Amino acid sequence: MSWAPVFLSAAEVQDHLRSSSLLIPPLEAALADFSSGPDGGVTQPVRTVVPVAKHSGFLGVMPAYSATEDALTTKLVTFYEGHSTTSTVPSHQATVLLFEPSNGSLLAVMDGNVITAKRTAAVSAIATKVRIWNRTRENAEKFMDTVQGEVQVCSSVQEAVTGADVIITVTMATEPILFGAWVKPGAHINAVGASRPDWRELDDELMRRAVLYVDSREAALKESGDVLLSGAEIFAELGEVVKGVKPAHREKTTVFKSLGMAVEDMVAAKLVYNSWSSGK
């Protein structure tokens with residue numbers, strides 16, 4: 001017997017995944033499984049990226065299977081460098097496909113942008129007071145309107161990061177925008193952007209003096225310009241910290257280089273689908 005897959009829009013995904021905090025426990029388990037190697041039951045190749053050179057774009061393919069969750073997904077994501085600030089088409093677009101792992105049937109096609117944002121937030125530190133810098137001040141002000149609590153829009157990166165305990169970079173920068181000289185000792189940086197081997201957000205000084213954590217060693221050594229171009233040594237995967245195999249050096253300057261993993265999208269997609277199924 002065959003059946004048609006469900007299609008879940010961004011609004012529907014948002015309805016079933018209202019808070020990133022819902023993802024924290026299952027993501028911790030998935031990261032620990034991933035860093036356990038074959039014993040963890042996660043099969044996840046490094047993302048395949050197809051350049052669309054004619055249009056300055058890329059197509060990424062991110063499949064994953066977890067034996068623990070018995071979940072099988074693929075995320076398709078496109079990102080285009082040259083979009084103007086007035087474009088109605090976002091620079092990043094994503095779709096997640098969820099399959100029935102026992103027979104390969106397609107269960108759901110769902111918006112991946114909300115899933116990407118929620119799972120990224122769930123694996124990144126969140127500060128209670130937020131200072132924002134963006135290349136376009138108008139975009140910074142738009143983001144400020146979506147954040148609860150005290151928010152300050154800054155005129156420079158240095159102004160935004162000076163004295164900060166937690167710094168989050170989410171850019172498509174090809175050259176460093178955050179410099180070690182600006183970062184106070186003991187600060188933590190979540191470096192989420194610059195996910196190409198020739199792009200980077202952080203300078204050599206910061207990368208080399210910080211304790212470096214990654215979501216996946218294999219991916220970081222293939223995809224991260226911050227890691228490859230600086231020659232920084234990876235201390236641990238985040239899953240190793242969750243498992244207690246490696247320590248979290250909270251007293252030192254630390255960097256978490258987040259490239260995003262298919263297993264994270266899988267956890268979120270399964271949660272959304274289970275929530276939708278229970279409400280049918």
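Colleague: How many salt bridges does the structure hold?
Modeller: The structure, a predicted model, holds 12 salt bridges.

Colleague: What makes Lys75 and Asp265 a salt bridge?
Modeller: The cut-off is 4 Å between a side-chain nitrogen of Lys or Arg and a carboxyl oxygen of Asp or Glu. The closest N and O atoms of Lys75 and Asp265 are 3.3 Å apart, so the pair qualifies. Lys75 lies in strand E5 (residues 71-80) and Asp265 in helix H10, so this bridge ties together parts that are 190 residues apart in sequence.

Colleague: Why is Lys75 called buried, and why is Asp265?
Modeller: Buried means under 20% relative accessible area. Lys75 has 3% relative accessibility and therefore counts as buried. Asp265 has 1%, so the term applies to Asp265 too.

Colleague: What about Lys184 and Asp165: which distance makes their contact a salt bridge?
Modeller: Their side chains meet at 2.6 Å, N to O, and the limit is 4 Å. The two residues are 19 apart, with Lys184 in the loop between E10 and E11 and Asp165 in the loop between helix H5 (157-161) and E10. Lys184 has 31% relative accessibility, so it counts as partly exposed.

Colleague: Why is Glu240 called buried and Arg217 partly exposed?
Modeller: Their side chains meet in a salt bridge of 3.1 Å, N to O. The pair links helix H9, which holds Glu240, with helix H7, which holds Arg217, 23 residues apart. The boundary for buried is under 20%. Glu240 stands at 12%, so it counts as buried; Arg217 stands at 25% and so counts as partly exposed.

Colleague: Which residues do salt bridges with shared partners join into one network?
Modeller: Lys75, Arg119, Glu264 and Asp265.

Colleague: Turning to nonpolar residues, what makes up the largest nonpolar core?
Modeller: This core has 33 residues, and Val13, Leu23, Met110, Ile115 and Tyr273 have the most contacts inside it. Several elements each supply at least two residues, including strand E6 (92-99), helix H3 (113-122) and helix H10 (262-278). H10 gives the most, with seven residues. Tyr273 touches Val6, Leu98, Leu107, Ala108 and Met110, leaving aside residues up to four places away in sequence. A second, separate core has 25 residues, among them Cys154, Leu212, Ala219 and Ile234.

Colleague: Which elements do the buried residues of H2 pack against?
Modeller: Strand E2 (42-43), H3, strand E13 (234-237), helix H9 (238-243) and H10. The buried residues of H2 are Leu27, Ala30, Leu31, Ala32, Asp33 and Phe34.

Colleague: Why is Leu221 called exposed?
Modeller: Exposed means over 50%. Leu221 is at 51% relative accessibility, so it counts as exposed.

Notes. Residues are numbered from 1 along each chain as its sequence is written. This is a predicted model: local features need pLDDT of at least 70, side-chain atom pairs count only at pLDDT 80 or more; totals for chains, interfaces and linings use all residues. Side-chain values use heavy atoms; hydrogens and water are left out. A nonpolar core is a set of buried Ala, Val, Leu, Ile, Met, Phe, Trp, Tyr and Cys residues joined through side-chain atoms within 4.5 Å. Buried means under 20% relative accessible area, exposed over 50%, partly exposed in between (1.4 Å probe, protein chains only). Helices (H or I, at least four residues) and strands (E, at least two) are DSSP runs, numbered from the N terminus. Contact means heavy atoms within 4.5 Å.
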